[in-house]
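Look over the sequence and the model first, then read the points below.

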Amino acid sequence: MAQNEAKPFLACTLASAAASHCQVLGYHREKTCQSDQDEVSQIERRVFWSLYVFDKNMPLLLGRSSSFQDIEIDVQFPPLSTDKGHKPWDEWFYLAIRLAKAQGQIYNRLYSPAGLRTEVKERRRHIESIEQSLGEWRTELEQVRYTADW
């Protein structure tokens with residue numbers, strides 16, 4: 001609601017609170033999800049990764065660090081649906097997660113206070129690495145097959 005009402009700082013605050021809650025519950029750890037029933041663990045994964053995608057987008061918009069640190073995350077992606085109508089959405093979701101990871105790298109390596117202090121040559125290497133991964137991401141996005149029969 002805050003995002004739809006063009007209140008980005010409120011949206012960021014609420015997302016940060018949700019991210020903290022997810023981390024307290026352990027949704028970012030595979031061990032936590034494995035100990036729950038299959039249906040519950042799928043919901044936990046989807047909730048976590050949805051917040052992750054939103055949270056990694058905010059640093060680029062507001063110039064703030066993400067609530068999630070990739071080195072602390074080991075939870076798997078939710079499983080792909082076997083339903084022909086849902087599978088492309090799941091594939092897109094995987095790609096959204098990967099794009100969010102790249103957005104986090106852009107902020108951390110280039111625009112964060114630490115990134116801005118990095119030498120020009122090192123920043124250039126980061127840019128080239130991110131550029132390559134985004135090129136691969138786009139190729140994979142173009143390979144997602146949406147069907148009209150759903």
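Is Cys 12 buried or exposed? Cys 12 is buried, at a relative accessible area of 9%. Here buried means under 20% relative accessible area, exposed means over 50%, and partly exposed lies in between, with a 1.4 Å probe and protein chains only. This is a predicted model, in which local features need pLDDT of at least 70 and side-chain atom pairs count only at pLDDT 80 or more, while totals for chains, interfaces and linings use all residues. Residues are numbered from 1 along each chain as its sequence is written, and side-chain values use heavy atoms, leaving out hydrogens and water.

**Overall build**

- The protein has six helices and zero strands. Both are DSSP runs numbered from the N terminus: helices are H or I with at least four residues, strands are E with at least two.
- Along the sequence, the pattern reads α-α-α-α-α-α.
- Its C-alpha atoms fill a box of roughly 50 × 35 × 35 Å along the principal axes.
- Of its 150 residues, 32% count as buried.
- Among contacts with a separation of 6 or more, 63% link residues 24 or more positions apart. A contact means heavy atoms within 4.5 Å.
- The accessible surface is about 9,700 Å², and carbon and sulfur atoms hold 54% of that. Areas come from the Shrake-Rupley method with a 1.4 Å probe; for residues, only the protein chains shown count as cover.

**Cysteines**

- The structure has zero disulfides. A disulfide is a pair of cysteine sulfur atoms within 2.5 Å.
- The closest cysteine sulfur to that of Cys 12 is in Cys 22, 15 Å away, so the two are too far apart for a bond.
- Cys 22 is buried too, at 3% relative accessibility.

**Around Glu 30**

- Glu 30 lies in helix 2, residues 30-34. It counts as buried, at 8% relative accessibility.
- Its side chain meets that of Arg 45 in a polar contact of 2.3 Å. A polar contact is a pair of N or O atoms within 3.5 Å; within protein, one must be able to donate a hydrogen and the other to accept it, and residues adjacent in sequence count only if both atoms are side-chain atoms.
- Leaving aside neighbours within four places in sequence, Glu 30 contacts Arg 45, Asp 74, Val 75 and Gln 76.

**Helix 5**

- Leu 116 sits in helix 5, residues 113-117.
- Leu 116 is exposed, with 52% relative accessible area.
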